[in-house]
Structure formats: structure tokens, C-alpha cells
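I opened the model today to look up its aromatic pairs and one of its helices. My entries follow in the order in which I checked things.

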Amino acid sequence: MEVPQPPPPPPTPSTTPLSLVKPSSKNNKKRPVKIFRAFRNVFRSFPIITPVCKLPSLPGGRLPETKVGVSGTLFGYRKGRVSLSIQENPGTLPTLVIDLAMQTNTLQKEMSLGMVRIALECEKRPDNINNKEKMKLLDESCWTMFVNGKKSGYCAKRDATAEDLHLMEVLKAVSMGAGVLPPKPDVEGHVDDEMAYMRAHFERVVGSKDSETLYMLSPDGKSEPELSIFFVRI
């Protein structure tokens with residue numbers, strides 16, 4: 001008597017193929033120093049909104065020579081923490097992902113009120129103080145976060161997850177704007193929660209081995225800066 005064979009397993013659900021490429025080792029071409037203006041009700045509605053801004057001069061009236069343009073995305077479930085992803089451009093894999101010490105809805109409120117200054121501070125490691133080949137600033141793993149001068153908690157750098165990469169793939173054609181993505185039923189803890197995002201061009205200004213700043217950019221500079229992110233090693 002022939003033994004019946006078990007039924008074949010169900011096909012796996014199709015996913016968006018990943019087409020993001022590795023970032024190059026060369027710096028991007030310099031961009032004009034103009035800052036992106038944040039907009040009210042950011043993250044909250046489609047269609048994508050394109051705001052405007054301008055980069056302020058630093059003390060002394062001169063900017064450091066080391067500047068490069070990058071793509072930055074702030075994203076997170078509305079009921080969860082917001083994360084920052086930095087890419088060489090929207091078509092490359094992230095070079096940096098940090099979970100910020102702030103809820104997504106709190107960041108929405110802060111940006112609706114005006115200028116937002118995020119400072120991320122880390123301490124110098126004892127083995128790096130006298131080491132010329134010390135760790136690169138953005139490779140540091142733990143940070144203390146301040147928002148407009150007030151301490152908000154601690155945040156950490158991490159590897160990009162499959163969900164992060166899926167989001168970057170979905171937003172590959174978006175160079176600037178904000179909106180929300182519908183809830184995903186397969187994400188634990190966020191079945192009914194929307195994924196909010198804001199993407200913009202940033203100017204990465206390197207002041208020293210212990211100081212870098214990200215300024216949000218726009219094609220036209222008609223206002224004061226609405227978002228800056230400072231990385232400082234002290």
C-alpha cells in the first residue's frame with residue numbers, strides 16, 4: 001500500500017525585493033548650504049509635503065571645510081520610539097541607524113512648535129584619548145540625547161533590521177517629504193499602528209574628529225533652520 005505524501009508547504013508571501021546597494025567609499029559632491037524647513041503636522045498625512053529652510057552660519061561666520069550631502073530619514077511607529085537612518089543617497093544601504101530617546105508623537109509636537117535641536121553626546125573612551133586611530137565619531141554605540149537643551153534619555157546605534165531595509169526600499173523614490181505608511185499586521189506590538197516618516201537632504205558638516213552636525217537641506221533657503229542634529233564626543 002502506497003504511503004500518502006504530506007501536502008507541500010504553502011508558498012511564502014512575496015516581499016519587496018531589496019535593490020539598495022552598498023554606499024561608495026567616496027564622499028558625495030558638495031551641495032549648496034541651504035536648510036530644509038520643517039512643516040506643521042509632520043508625519044501625519046499624504047500627499048508628501050516638501051518644506052523649505054536655510055543653514056545658519058556657525059560662530060565666526062565660517063563653516064568647516066568638510067561638508068557632504070546625505071539622505072536622512074526619521075521614522076517610527078506613532079506609539080513607539082523614533083529612529084534616525086542616514087544613507088549616502090536614497091538608493092543605498094544605511095550607513096547609520098540610531099534609536100532616538102524620543103517617542104514619535106513627541107517629535108511631531110516639537111517640530112510643530114518650531115526649531116528643533118537634537119544633541120547626541122558620548123564620552124571619550126580611555127583607550128582612545130591618546131590614540132591617534134581612535135574610533136570614528138559615528139561608530140560610537142551609546143549616546144546621551146538632549147532636545148532643545150533638555151535631556152531626554154539615552155539612545156544607541158544599531159544594525160539595520162529587515163523592517164528598516166524594507167522601509168528604505170519603499171521610500172527609495174522619495175528624496176524629500178513626509179507621510180505615513182499603513183499598519184503591518186505581521187509586526188508584533190504594532191498591529192494597528194502606522195509607520196510615520198520624514199525624509200530630507202542633510203548637509204553633514206565635520207568640525208573635528210569629535211564633532212559633527214547634520215543640517216536639514218532644501219533647494220530654496222528662505223527661513224531659519226528647523227532641524228539640526230549634533231554629534232559631540234566629550
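Predicted model: local features only at pLDDT ≥ 70, side-chain atom pairs only at ≥ 80, totals over all residues.

Residues are numbered from 1 along each chain as its sequence is written, and side-chain values use heavy atoms, with hydrogens and water left out.

**Overall layout.** I noted three helices and 10 strands, where helices (H or I, at least four residues) and strands (E, at least two) are DSSP runs numbered from the N terminus. Of the 234 residues in the chain, 43% count as buried. I also looked up contacts, meaning heavy atoms within 4.5 Å: among those with a separation of 6 or more, 64% are between residues 24 or more positions apart.

**Aromatic pairs.** I took rings of Phe, Tyr and Trp (its six-membered ring) as paired if their centres lie within 6.5 Å, with planes under 30 degrees apart counted as stacked, over 60 as edge-to-face and the rest as tilted. By this rule I have two aromatic pairs. Because W143 lies in strand β5 (residues 142-147) and F231 in strand β10 (residues 227-233), the pair ties together parts that are 88 residues apart in sequence. W143 is buried at 2% relative accessibility, and F231 is buried at 1%.

The other pair, Y215 with F230, is also edge-to-face, at 6.4 Å centre to centre and 85° between the planes. Y215 belongs to strand β9 (residues 211-217) and F230 to strand β10, 15 residues apart. Here I found Y215 buried at 3%, whereas F230 is partly exposed with a relative accessible area of 25%.

**Helix α1.** Which residues are buried in helix α1 (residues 104-113)? I listed T104, L107, Q108, M111 and S112. The buried residues of α1 pack against several strands, including β1 (66-77), β4 (116-122) and β10. On the face turned away from the buried side I noted the exposed residues K109 and L113. After α1 comes G114, with a positive phi near 140°.

Methods. Buried < 20%, exposed > 50% of the residue type's maximum accessible area, 1.4 Å probe, protein only.
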